[in-house]
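Biologist: Thanks for sitting down with me. Could you walk me through the terms you use for this model?

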Amino acid sequence: MGFLIIFTQVLNPAKAISTSITNINKGLAASVRIFEIIDSKPEIKESEDALDIGEFKKSIEFKNVNFSYGQEQVLSDINLKIKKGEIVALVGPSGGGKSTLADLIPRFYEPNSGEILIDGVGIKNYKLNSLRALMGIVTQESILFNDTIKNNISFGLDNFDDSKVIAAAKVANAHDFIMESPEGYETVIGERGTKLSGGQRQRLSIARAVLKDPDILILDEATSALDSESEKLVQEALTNLMKNRTSLVIAHRLSTIQNADKIIVVEKGEIIQTGTHEELSGQSGLYQKLLKMQSF
């Protein structure tokens, strides 16, 4: 009896010791990966005499831009000019380089050759923070956090008040569903917004861009993963967001970009057609082919 009593008392602490050793080793392995990331040096660097860019005034221009991932050529001799206030759409088959082209503007990547200029100055000459402060980016995959709706909309911003957050949500067609949530703007939405539908997550991302009030707007397939009803609400929100703003829109659904000032057709890393919807739909080419495939 004495042995059994001692054995049962020792068994749980012995199990706890073995579990602790396992957890310690997991923590050590995780810490190695974390410190590798912390110690890594950013590939994109700004020059010592980099300039602040307070506002966007004239145009964004690509001059003979080439880009490749390793040995794979993604963009070839891209020449493109986007004037202030224009809505420019990028269309074409998947893998053609549309998203890469858009990612070069905020310097997420560096071109292998050629240059990108904003207001006549190469973007390498601007401070990264001031360059990216000009831009609002809405992607197909909403980047949300396990926090309140209000904090997700105002993420990255210091000077805001509740009235501005509510105003931004209304522009993004998000205010109604937020007010129907259990705690309104203080509702916690779960990791990556798992408590919300796809359309609701996307509208929160748009509300964040509205609150930031960027000079340059980049929309990368913002409606492609939505059902028809959600797409209609999100598209209305995007239309509100693009008013009086320079916008670069990447879209597969051509119905969403027919009112663009300029449509750029990209295939295999090259610009093969440029024009308005009316001009391109009347020309034989890839745009007309894509248009017919989506018509029913």
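Biologist: Which residues make the nonpolar surface patch of about 700 Å²?

Modeller: Met1, Phe3, Leu4, Ile5, Phe7 and Leu11 make that patch. Bear in mind that the model is predicted, with local features needing pLDDT of at least 70, side-chain atom pairs pLDDT 80 or more, and totals for chains, interfaces and linings using all residues. Residues are numbered from 1 along each chain as its sequence is written, and side-chain values use heavy atoms, without hydrogens and water.

Biologist: What makes a group of residues a patch?

Modeller: Each has over 30% relative accessible area and no salt bridge, with like charges joined within 9 Å and nonpolar side chains (Val, Leu, Ile, Met, Phe, Trp, Tyr) within 5 Å. A salt bridge means a side-chain nitrogen of Lys or Arg within 4 Å of a carboxyl oxygen of Asp or Glu. Areas come from the Shrake-Rupley method with a 1.4 Å probe, and for residues only the protein chains shown count as cover.

Biologist: Why is leucine 11 called partly exposed?

Modeller: Its relative accessibility is 35%; buried is under 20%, exposed over 50%, and partly exposed in between (1.4 Å probe, protein chains only). So leucine 11 counts as partly exposed. Leucine 11 lies in helix 1 (residues 2-39); helices (H or I, at least four residues) and strands (E, at least two) are DSSP runs, numbered from the N terminus.

Biologist: How do you know that strand 1 (residues 59-69) and strand 2 (residues 72-83) pair?

Modeller: Pairing takes at least two DSSP bridges, and these strands have eight, in the antiparallel sense. Valine 65 stands opposite isoleucine 78 in strand 2.
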